[in-house]
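Hello,

Here is the structure I promised to pass on to you. Have a look at it first, and my notes follow below.

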Amino acid sequence: MRFPFMFYRYLAKNFLLTFLATLFVLVSLILLFDVIDLLRRASSRDYVTFWDVVRLGLFKMPQMLPLILPFSILISSIITFLRLSKTHELVIARSAGLSVWNILFPIIMMVSFIGIINIALINPFSSAMIQRYQQEESETLRKKNGFSWNEQGLWLREKLGDTPLIIHADRVQQKGNDLNLSGVLILVLNDNETLQNQIEASNGLLSDYTLVVKNGISYAPDGTHQEGIDLHIPTQLNLEKIMQTFESPEEISIWKLPKFIKLLDNAGFSSLKHRIHFYSTLSSILYLLAMVFISSMFTLSPNQRQGGTLMKSAGAILFGFMLFFVSKLTTALGVSGNLPIFLAVCGPSIIMIFISSSVLLHSEDG
């Protein structure tokens, strides 16, 4: 039998058009709900206009793409396979000697192509839009905090009673839920924001909303100094809140993520969450393919007269949600360090592909 190029092109074209229509509908619905939620949040701010909210919603939309894309693939596959069955094209293809794998081949190729486009192009675009959304939201709807971190170290603004403090550490090292600081510099300011004195210490500890500095040296503007200074400074931050102020993995393009992971490692922070996101993005093609196999398991029945279209579609969507929740669970276990990275990001998709393939093989060969 000749290689059915025309049939493959026909299937791929139908699937792609269905996928684009499904993606447009899902994006429109989520954008509508996001705009409604942002309007509610902005209701108490008279300076925020409706178009500001719409712009925020458009910037926020890329955050939902990792959720929307797999289910768009799942629904598109279900619609495509059921349409082939309804128009008897599937029966004709099977009568012509095409196996279920011949029918799946163009869909798998198209989904793989969509996955590559998602990783190489859509992911960097989404990261840029998410950063823009975070910036716009911070300026219009949220308050800023007094913390920053970069290659030069950690900066923190706090108050000791009514006295403003600016705290800097050259290096940090995460240890459990605490943060060990090296090269600590504390600038003590007057009410008019002028320097009153500065305190230097070789080490410090940020633990339980308290910054502890021992054996520091206090330097006055007149050149005098005092040794053996111990401070317990209440802060509004702990390690968890500090980690939340970093750029989330979704805000960083996959092309820049390895460099940021190296920066976190060199700074002494845990990069496990960013590593999980990096490998999850790379393995997202497996996730999308698993959705195709789930839909084919329910809708590519060898006996097309069995009916039950609604039940088949519901079963495929149910299994799709199961894969989604199990993937979220294994990812959480991976971030907590209780599961190896490979199993956390690839395990559910590979298992689902094997299960679906086994069902298809059994249906194909009996």
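At 53% relative accessibility, Phe-325 counts as exposed, where exposed means over 50% relative accessible area, buried under 20% and partly exposed in between, with a 1.4 Å probe and protein chains only. Before going on, please note that this is a predicted model, in which local features need pLDDT of at least 70 and side-chain atom pairs count only at pLDDT 80 or more, while totals for chains, interfaces and linings use all residues. Residues are numbered from 1 along each chain as its sequence is written, and side-chain values use heavy atoms, leaving out hydrogens and water.

Phe-325 forms an aromatic pair with Phe-324: the pair is edge-to-face, at 5.2 Å centre to centre and with 65 degrees between the planes. Rings of Phe, Tyr and Trp (its six-membered ring) pair if their centres lie within 6.5 Å; planes under 30 degrees apart count as stacked, over 60 as edge-to-face and the rest as tilted. Phe-324 is buried, at 17% relative accessibility. Ring pairs also link Phe-324 and Phe-325 with Phe-71 and Phe-321 into a cluster.

The structure holds eight aromatic pairs. One of them joins Phe-278 and Tyr-279, which is edge-to-face because the planes stand at 70 degrees, with ring centres 5.2 Å apart. Phe-278 is buried at a relative accessible area of 15%, whereas Tyr-279 is partly exposed at 36%.

Now to the backbone. Most residues other than glycine have a negative phi. Which value does phi of His-88 take? Phi of His-88 is positive, near 65 degrees. You will find His-88 in the loop between helix H3 (65–86) and helix H4 (89–95), and at 51% relative accessibility this residue is exposed. Helices (H or I, at least four residues) and strands (E, at least two) are DSSP runs, numbered from the N terminus. Asn-215 has a positive phi too, near 55 degrees. Asn-215 lies in strand E6, residues 210–219, and is exposed at 61% relative accessibility.

Finally, the surface. Phe-24, Val-25, Leu-29, Leu-32, Phe-33 and Ile-36 make a nonpolar surface patch of about 640 Å². Such a patch is made of residues with over 30% relative accessible area and no salt bridge, with nonpolar side chains (Val, Leu, Ile, Met, Phe, Trp, Tyr) joined within 5 Å. Among its members, Leu-29 lies in helix H1, residues 5–41, and is partly exposed at 42% relative accessibility.

Best wishes

Key: Patch = residues over 30% accessible without salt bridge, like charges linked within 9 Å, V, L, I, M, F, W, Y side chains within 5 Å. Areas by Shrake-Rupley, 256 points an atom, 1.4 Å probe, with all protein chains shown as cover. Salt bridge = Lys/Arg side-chain N within 4 Å of Asp/Glu carboxyl O.
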